[in-house]
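Subject: Structure for you to look at

Hello,

Here is the structure I promised to pass on. Please open it and keep it in view while you read.

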Amino acid sequence: MKTDIYYPKIYDIIYRSGYAIGYVGIVLFVFSYLFYDLPVFSAGILIFYLGSLTSGIFLLVWKREIKIFILSCIILGILIGVGDIFLKNPEVLIISIGLVLTGVAGLYGKEAHCFHFIEGWILMWLFPILIFANLLIYGLGLQSNGIIHFIFFVIYAILMLLALSFLIKKTRQPSMQFCQD
């Protein structure tokens, strides 16, 4: 899609850096999940939120409503996550992560639609499934079960590898490339 609006290349660089920052957060989250390390878990979530917010702010889309929805989910999720600092309630954290993942699913879905990144399609659908699975596991009180924990670690590790493949493709893509139908 061609447009008469000019965006400097730095805009695209910052947008892509959000994916890189978010990926660092995913890596920290996965390893903290494996080793039950709460401070690294918190750092991973915060870095993931920062990367998601960066990409959400600098997202270029053809419909303003899409950006508003994606950015609203991310910002609302972050604000609810800040509320978790004061409330110390696991349900609040699950809601926060769920909203941010909804926005991030939109970011990956946009890239999948525009540039046919298969990892984007998989991640776009994997995030909502993970949200539902985490809610179900938490609701059933199985979050401390060792087998469930291992299964989720494997899923998160696969997600990390998919996000890495996506990041590599995104960084190799020419700057300011228009959406391909």
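Below is what was found in it.

Bear in mind that this is a predicted model.

Helix packing first. Two packed helices are described by the angle between their axes and the distance between the axes. Helix H2 covers residues 38-57, and helix H3 covers residues 64-87. They pack at an angle of about 155°, and their axes are 9 Å apart. Angles over 145 degrees count as roughly antiparallel, so H2 and H3 are roughly antiparallel to each other. Their crossing is left-handed.

Next, helix H5, residues 118-139. Ile122 is partly exposed, at 39% relative accessible area. Ile122 also belongs to a nonpolar surface patch with Ile118, Trp121, Trp125 and Ile129. Together these residues have about 540 Å² of accessible area. Phe127 and Gly98 are 29 residues apart in sequence, yet their C-alpha atoms are 8.4 Å apart in space.

Last, the backbone. Most residues other than glycine have a negative phi. Lys88 is not a glycine, but its phi is positive, about 50°. Lys88 sits in the loop between H3 and helix H4 (90-115). Lys88 is exposed, at 66% relative accessible area. Met176 is not a glycine either, and its phi is about 55°. Met176 is in the segment after helix H6 (146-172). Met176 is partly exposed, at 23% relative accessibility.

Best wishes

Note on methods
Residues are numbered from 1 along each chain as its sequence is written. This is a predicted model: local features need pLDDT of at least 70, side-chain atom pairs count only at pLDDT 80 or more; totals for chains, interfaces and linings use all residues. Side-chain values use heavy atoms; hydrogens and water are left out. Patches are made of residues with over 30% relative accessible area and no salt bridge: like charges are joined within 9 Å, nonpolar side chains (Val, Leu, Ile, Met, Phe, Trp, Tyr) within 5 Å. Accessible areas come from the Shrake-Rupley method with a 1.4 Å probe; for residues, only the protein chains shown count as cover. A salt bridge is a side-chain nitrogen of Lys or Arg within 4 Å of a carboxyl oxygen of Asp or Glu. Helices (H or I, at least four residues) and strands (E, at least two) are DSSP runs, numbered from the N terminus. Buried means under 20% relative accessible area, exposed over 50%, partly exposed in between (1.4 Å probe, protein chains only). Axes are lines fitted to C-alpha atoms, for helices over the stretch in contact, and angles run from 0 to 180 degrees between N-to-C directions. Angles under 35 degrees count as roughly parallel, over 145 as roughly antiparallel, 65 to 115 as roughly perpendicular and the rest as oblique. A crossing is left-handed if the near helix is turned anticlockwise from the far one by less than a right angle, and right-handed if clockwise.
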